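Here is a short briefing on one protein model. Look through the sequence and the structure first, then read on.

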Amino acid sequence: MRFTWTLLLLLPAFSACKKNQSCDRDAGTTVAPANERAMVTSYLAARSITATELGNSGMFYVIVNPGNNRTPNVCNNVRVRYRGELANGTVFDQTTGNTTVDFPLGQLIEGWRRGLPLIGEEGKIRLYIPPSLGYRDQAQIDSRTGFVTIPANSMLIFEIDLVRVF
């Protein structure tokens, strides 16, 4: 019995060591080609949206609320509420109401990996993502219906509430 209690007390210590291992994930450094950058800037100009370009990536963003100082990196999981739409206004995915979803940030599209670290928990951001930082030339198909939900080479617009970083 004493061995079991000792093992149970030491188990969190061993699992904590695992969390401190280095992370080898990369947020990405893709720079969209000129035609994709023009696609995004034309969209923004047509709607009189003032957005900031992330470096010279061709991806633009608007920080609606910066949140607190707990920002994610690509090795974190994030809990979010979000809405994703195409440039024509078609919503291709979203959480509803107060529903949240958890993702490992390092496994998401490059636009999310580079954009979400710009805000902290309780923050909100709009991302205008060129195809090169999204799904590129790969159409996304709904596995239930077989229909294309995101056509190849689509610009993506996301509004993301960062609820939690863990």
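Is Phe-92 buried or exposed at 17% relative accessibility? Phe-92 counts as buried at that value, where buried means under 20% relative accessible area, exposed over 50% and partly exposed in between, with a 1.4 Å probe and protein chains only. This is a predicted model, in which local features need pLDDT of at least 70 and side-chain atom pairs count only at pLDDT 80 or more, while totals for chains, interfaces and linings use all residues. Residues are numbered from 1 along each chain as its sequence is written, and side-chain values use heavy atoms, with hydrogens and water left out.

**Aromatic pairs**

- Rings of Phe, Tyr and Trp (its six-membered ring) pair if their centres lie within 6.5 Å; planes under 30 degrees apart count as stacked, over 60 as edge-to-face and the rest as tilted.
- The count by this rule is seven aromatic pairs.
- In one of them, the ring centres of Phe-92 and Phe-158 are 5.5 Å apart and the planes stand at 85 degrees, so the pair is edge-to-face.
- This pair links distant parts of the chain, with Phe-92 in strand E4 (residues 91–94) and Phe-158 in strand E9, 66 residues apart.
- Strands (E, at least two residues) and helices (H or I, at least four) are DSSP runs, numbered from the N terminus.
- Phe-158 is buried, at a relative accessible area of 3%.
- Ring pairs join Phe-92 and Phe-158 with Tyr-82, Phe-103 and Trp-112 in a cluster.

**Helix H2**

- Glu-36, Val-40, Tyr-43 and Leu-44 are the buried residues of H2.
- Seen down the axis, the buried residues of H2 fall within an arc of 100 degrees, so they line one face of the helix; the arc is that of the directions from the helix axis to the C-beta atoms.
- Ala-34, Asn-35, Ala-45 and Ala-46 are exposed on the other side of H2.
- The buried residues of H2 pack against strands E2 (60–65), E3 (77–86), E6 (123–129) and E9 (156–165).
- Ser-48 follows H2 and has a positive phi, near 55 degrees.

**Ser-132**

- Ser-132 sits in the loop between E6 and strand E7 (140–141).
- Its relative accessibility is 11%, so Ser-132 counts as buried.
- Beyond its neighbours within four places in sequence, Ser-132 is in contact (heavy atoms within 4.5 Å) with Thr-30, Ala-32, Pro-33 and Glu-36.

**Salt bridges**

- The whole structure holds 10 salt bridges, each a side-chain nitrogen of Lys or Arg within 4 Å of a carboxyl oxygen of Asp or Glu.
- Arg-70 and Glu-121 form one, with the closest N and O atoms 3.2 Å apart.
- That pair links distant parts of the chain, 51 residues apart: Arg-70 is in the loop between E2 and E3, Glu-121 in the loop between helix H3 (110–115) and E6.
- Arg-70 is partly exposed at 41%, whereas Glu-121 counts as buried at 12%.
- Arg-114 and Glu-110 meet at 2.9 Å, N to O.
- Arg-114 and Glu-110 are four residues apart in H3, so about one helical turn separates them.
- Arg-114 counts as buried at 17%, and Glu-110 counts as buried at 6%.
- Asp-142 bridges to Arg-144, with the closest N and O atoms 3.2 Å apart.
- Asp-142 is buried at 16%, whereas Arg-144 counts as exposed at 73%.
- Salt bridges with shared partners join Arg-81, Lys-124, Arg-126, Glu-159 and Asp-161 into one network.
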